[in-house]
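Trainee: I would like to learn how to read salt bridges in a protein model. Could you take me through them step by step?

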Amino acid sequence: MSYRQIWPADWIVKVAIPQAQAQEPLGDFLSRLWWAWLALAILLLITMRWLVRRLLRPLHRLERQIAQVSAGERRYLELSTNMHELRQVASSFNHLEHERLAALEHMRDRQAFLDAVLGSTPIGMFVADLKGQLNYLNPALLELLGLDAWNSAREWWQRIHPADQEGTRDMWRHTLATGNDFVRQMRFLRNDGITLWVEVHASQVLGNEQPLGFVGMVKDITERRQQEALQRWEAEHDPLTGLLNRRGFERRLEEALAEYSKTGTPSVLILFDLDHFKPINDEGGHALGDEMLRRVAQVVAWEVRRSDHVARQGGDEFAVLLPSCTLKQAGEIAESLRRAVSEVTVTHEGKTYNITLSMGVTALQEGDESVETVLARADEASYKAKADGRNTVVITTVDDDLIDSLW
């Protein structure tokens, strides 16, 4: 509505029109400008996009050059821009890349030096990660174990002797879990059928007090083990007959006595010496006596069971330990030994010599606290056999005062 006063006529004129009719001119104007507004908006978007891309062009170049550095296509960033911040970023990146390349070159030099040392050392060495997987075996170790570089890590465990695999794996898992040193001797089976004794010693490697992996050394100790086995054999065996000596026999008798005390497993001891042996030594010499001792040892070892222990105690005195054997069975074995040995002969200057046995047999009993007690009881029985006329087996029963003789 619109009002206006007309003074000459003293009127007030009022004009009223609908709102839609009043806004119609503006609506027509805006409708005519809609396409212009749309074109202007599109133009502004294009202009803004162009400006943003222009402003971000140095950043895109920076991104591309960083990707090229990462791919090894270039070494440093080279930006031509007026943006001070981007120049600082590029300078810092180039400084870090220079330090990284220097550190990488240094690491390569150290790796090459380490490879040369490991490759030239005559000692077998290996490197394992924190999971226990072997990722490097030096040439000396590959040659020692008869492996090739392609499948050495996989074959390593398969080539360990089956009797040693479980214990070795358990100790290796313990080393991985605790970081303690791994030290173990084991047998290793080569492709050519040779069995090696090796000693493995692995230690954890730390960097900045953090575990990095394990480095190990492998030594061939086959000759040493064989020498140790030979020394152990020589320490407990008689060099003339190959039977156990007194030391080796008494150790096995102690084990049998301990087993009897623990489980009640019966064992029997036989002691005997050779009747009429002195004339062989006196008339034929020590060489003939030694020959008789060797033949007696062979016969006795042949007649007893594989689980029994035969010893030459010294001179012409022998001993047999029968584990897991009753006194009755032992008497039968002793009698077969007496008969077999009585047929052994040696000849010197046309004269034939033979011997017999005076044998004492005793079983382990309650109250036997030492091997000396058992030996003394068997020795007493053998003396009685000799006193009874030799070529006799005397068995002591549970009652120490009762002694039976077998002819």
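This is a predicted model: local features need pLDDT of at least 70, side-chain atom pairs count only at pLDDT 80 or more; totals for chains, interfaces and linings use all residues.

Trainee: How many salt bridges does the structure hold?

Mentor: A salt bridge is a side-chain nitrogen of Lys or Arg within 4 Å of a carboxyl oxygen of Asp or Glu, and the structure holds 23 of them. One of them pairs E228 with R224, whose closest N and O atoms are 3.6 Å apart.

Trainee: Where do E228 and R224 lie in helix 6?

Mentor: Because E228 and R224 are four residues apart in helix 6, which covers residues 222-236, about one helical turn separates them. E228 is partly exposed, with a relative accessible area of 29%, and R224 is partly exposed as well, at 36%.

Trainee: Which side chain meets E236 in a salt bridge, and is E236 buried or exposed?

Mentor: E236 meets R251, with 2.7 Å from N to O. This pair links distant parts of the chain, since E236 belongs to helix 6 and R251, 15 residues apart from it, to helix 7 (residues 246-263). Buried means under 20% relative accessible area, so E236 counts as buried at 13%, whereas R251 counts as partly exposed at 34%.

Trainee: What does the salt bridge between E283 and K351 tie together?

Mentor: The closest N and O atoms of E283 and K351 are 3.1 Å apart. E283 lies in helix 8 (residues 278-303) and K351 in strand 12 (residues 351-354), so their pairing ties together parts that are 68 residues apart in sequence. E283 is partly exposed at 42% relative accessibility, and K351 is partly exposed at 40%.

Note on methods:
Residues are numbered from 1 along each chain as its sequence is written. Side-chain values use heavy atoms; hydrogens and water are left out. Helices (H or I, at least four residues) and strands (E, at least two) are DSSP runs, numbered from the N terminus. Buried means under 20% relative accessible area, exposed over 50%, partly exposed in between (1.4 Å probe, protein chains only).
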